[in-house]
Amino acid sequence: MSGTLIFVHSLLRYFVIILTIVVAAQAVMGMTGNKTFTPGNRKAALFMMIACDLQLLVGLGVYFLGGHLQAMQQPGAMANHYTRFYGMEHPMSMIIGIVLVHLAYKAAKSAMGDAQKFKRVFWFAFIALLLFVSQTPWPSKKDTAKPWLPGMAMISAPAAAHA
Ligand code: HEM
């Protein structure tokens, strides 16, 4: 069960990151080109939010079923980078990013002017994107690395020894 959830969580990262890039890019084009905020722009923000909410749900499953809460309660947990990253840093940063994505969608469906809407959507999506990309355990990360997808070979020292 936990293995399937980790696979889904790992795969969903690509949907989350690509959709957040699309929303931020559309907002930049809207701002610079003085464009109208279309239903398509609103839908892209909606899909980004749905992908994030699914990721949150699966992330919570992985967190509790994967024993990360118990690991955080062990003495010295905060001194161990792997335990601290998966038990606190990764979930907290990602939840903040997901809140920003919700604020982006709220702006997208609000009644404010189009220029203002693009600006708000851009900043919320852009900061969320920075959090998602920086806090994802890419294969190149020190101590916390995970493969591109579970089961794939690692390009750096595997973190599997901690799992
Ligand atoms: C948009 C947000 C998120 C992205 C892009 C993301 C991405 C990832 C990726 C790529 C992994 C490595 C999976 C693997 O191959 O083992 C991972 C692991 C993990 N994530 Fe997330 N995550 C997000 C949000 C969350 C949230 C909100 C939580 C918890 C509430 C969470 C909890 C975890 C945990 C506990 C692991 C470690 C899994 C394990 O190996 O036991 N993630 N995440």
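How many nonpolar, polar and charged residues does the shell around the ligand have, by class? The shell has 16 nonpolar, 9 polar and 2 charged residues, and the sections below place that shell within the chain as a whole. The model described here is a predicted one.

## The chain as a whole

The chain contains 5 helices and 0 strands, so that, read from the N terminus on, its elements run α-α-α-α-α. Along its principal axes, the C-alpha trace spans about 55 × 30 × 30 Å.

Of the 163 residues in the chain, 27% count as buried. When contacts between residues at least 6 apart in sequence are considered, 66% of them join residues that are at least 24 apart.

## The surroundings of the ligand

The ligand is surrounded by 27 residues, and the closest of these are Gly59, Gly66, Pro91, Met94 and Lys146. The elements that give two or more residues to this shell are helix 1, helix 2 and helix 4. Among the contributors, helix 2 gives the most, with 7 residues.

## Helix 1

Although valine 28 and tryptophan 123 are 95 residues apart in sequence, their C-alpha atoms are 9.7 Å apart in space.

## Helix 5 and its packing

Helix 5, which covers residues 114-135, has 22 residues and reaches 31 Å from its first C-alpha to its last, close to the 32 Å expected at 1.5 Å a residue. Its buried residues are Lys117, Phe118, Val121, Phe122, Phe124, Ala125, Ala128, Leu129 and Phe132. These buried residues pack against helix 1 (2-32), helix 2 (39-65) and helix 4 (81-108).

Leaving aside residues up to four places away in sequence, alanine 125 touches Thr20, Val23, Ala24, Ala27, Val101 and Ala104.

## The nonpolar core

The largest nonpolar core has 28 residues, and those with the most contacts inside it are Val23, Ala45, Met48, Val101, Ala104, Val121 and Ala125. At least two residues of this core are supplied by each of helix 1, helix 2, helix 4 and helix 5.

## Tyrosine 105 in helix 4

Tyrosine 105 is found in helix 4. Is tyrosine 105 buried or exposed? Tyrosine 105 is buried, because 22 other C-beta atoms lie within 10 Å, and a residue counts as buried when there are 20 or more.

Not counting residues up to four places away in sequence, tyrosine 105 touches Ala45, Leu46 and Met49. The C-alpha atoms of tyrosine 105 and lysine 43 are separated by 9.1 Å, although these two residues are 62 residues apart along the chain.

## Two residues with a positive phi

Most residues other than glycine have a negative phi. Against that background, two residues of this chain may be described together. Helix 1 is followed by asparagine 34, whose phi is positive, near 50 degrees, and this residue is found in the loop between helix 1 and helix 2. Asparagine 34 is exposed, because 9 other C-beta atoms lie within 10 Å, where 12 or fewer is the limit for an exposed residue.

Aspartate 143, which lies in the segment after helix 5, has a positive phi of about 70 degrees although it is not a glycine. Aspartate 143 is partly exposed, with 15 other C-beta atoms within 10 Å.

Definitions and conventions. Residues numbered from 1 in each chain as written. Predicted model: local features only at pLDDT ≥ 70, side-chain atom pairs only at ≥ 80, totals over all residues. Helix = DSSP H or I, 4+ residues; strand = E, 2+ residues; numbered from the N terminus. Expected span 1.5 Å × (residues − 1). Contact = placed C-beta atoms within 7 Å. Near = placed C-beta within 6 Å. Nonpolar A, V, L, I, M, F, W, Y, C, P; charged D, E, K, R; others polar. Core = buried A, V, L, I, M, F, W, Y, C linked by C-beta atoms within 7 Å.
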